[in-house]
Amino acid sequence: DLDTRLDLDSVVVRQTRPRESDGRWGHAVEIQAGARLFGTKARFENNQGGSLWVFGSGSSAAAQDVWIGPTLELDCEHPATPCAFDALGHGVGAYRGGEVQLLRFRLIEAAGCGAHVASGGQLDFEFGALSGHDAAVCL
């Protein structure tokens, strides 16, 4: 909800993995339902499924001095993994009105898109670099 806030300062989120029971999740950080993230000097590396995803109107992430990647895809061998979408390994995602703002960032080596925006999501990137992706940004 709108009162939910996460502040990150000088934080590393590394090697998240999906649940063993169904092969889902694994994202480093997922913001939804109007929650907000504020971060500085954060690093997200070797996370499975996604690194920084924001879903829904009113949900947002604003971060500066950020390193994201590599981001790995989920293991599609698990019978319950929804490989059609969730397994793609996008570094940053903004969906259904979610907003992501990154200032001074590096977004590297995502298995899927470096950044993915769909269904009314918004991305605002300033002073950064995207490298080592098959597609840097997917709309």
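Which residues does phenylalanine 105 touch, not counting residues up to four places away in sequence? In this predicted model, where contact means heavy atoms within 4.5 Å, phenylalanine 105 touches Val66, Phe125, Glu126, Phe127, Gly128, Ala129 and Leu130. The model is predicted, so local features need pLDDT of at least 70 and side-chain atom pairs count only at pLDDT 80 or more, while totals for chains, interfaces and linings use all residues. Residues are numbered from 1 along each chain as its sequence is written, and side-chain values use heavy atoms, with hydrogens and water left out.

Phenylalanine 105 is found in strand E9. Helices (H or I, at least four residues) and strands (E, at least two) are DSSP runs, numbered from the N terminus. With a relative accessibility of 5%, phenylalanine 105 counts as buried; buried means under 20% relative accessible area, exposed means over 50%, and partly exposed lies in between (1.4 Å probe, protein chains only). One of the residues that phenylalanine 105 touches is Leu130. The C-alpha atoms of phenylalanine 105 and leucine 130 are separated by 8.4 Å, and the two residues are 25 residues apart along the chain.

The largest nonpolar core has 23 residues. A nonpolar core is a set of buried Ala, Val, Leu, Ile, Met, Phe, Trp, Tyr and Cys residues joined through side-chain atoms within 4.5 Å. Phe44, Leu52, Ile68, Val92, Val100 and Leu102 have the most contacts inside the largest core. At least two residues of this core are supplied by each of E1, strand E2 (29-31), E3, strand E5 (50-55), E6, strand E8 (90-95), E9 and strand E10 (113-118). The contacts of leucine 102, not counting residues up to four places away in sequence, are with Leu52, Ala63, Ile68, Val92, Asp124, Phe125 and Glu126.

Strand pairing was examined next. Strands of a sheet pair through backbone hydrogen bonds, either parallel or antiparallel. Two strands are taken to pair if DSSP finds at least two bridges between them. An open sheet of five strands shows parallel pairing in the order E2-E5-E8-E10-E12. E2 and strand E12 (135-138) are the edge strands, each pairing on one side only. From one strand to the next, the twist averages 5 degrees; for such values, axes are lines fitted to C-alpha atoms, for helices over the stretch in contact, and angles run from 0 to 180 degrees between N-to-C directions. Three bridges, in the parallel sense, pair E10 with E12. Cysteine 113 has alanine 135, in E12, as its bridge partner.

The structure holds four salt bridges. A salt bridge is a side-chain nitrogen of Lys or Arg within 4 Å of a carboxyl oxygen of Asp or Glu. Arginine 5 and aspartate 7 form a salt bridge through their side chains, with an N to O distance of 3.0 Å. Arginine 5 is partly exposed, at a relative accessible area of 47%, and aspartate 7 is also partly exposed, at 48%.

A salt bridge also joins glutamate 45 and arginine 14, whose closest N and O atoms are 2.5 Å apart. This pair links distant parts of the chain, since glutamate 45 is in strand E3 (residues 36-45) and arginine 14 is in strand E1 (residues 5-14), 31 residues apart. Glutamate 45 counts as buried at 11% relative accessibility, whereas arginine 14 counts as partly exposed at 45%.

In the salt bridge between aspartate 65 and arginine 104, the closest N and O atoms are 2.7 Å apart. Salt bridges that share partners join Arg14, Arg43 and Glu45 into one network.

The backbone was considered last. Most residues other than glycine have a negative phi, and most peptide bonds are trans. Aspartate 65, although not a glycine, has a positive phi of about 55 degrees. Serine 10, in strand E1, also has a positive phi of about 55 degrees and is not a glycine. The peptide bond from glycine 69 to proline 70 is cis, with omega near -5 degrees. Proline 70 is found in the loop between E6 and strand E7 (71-72).
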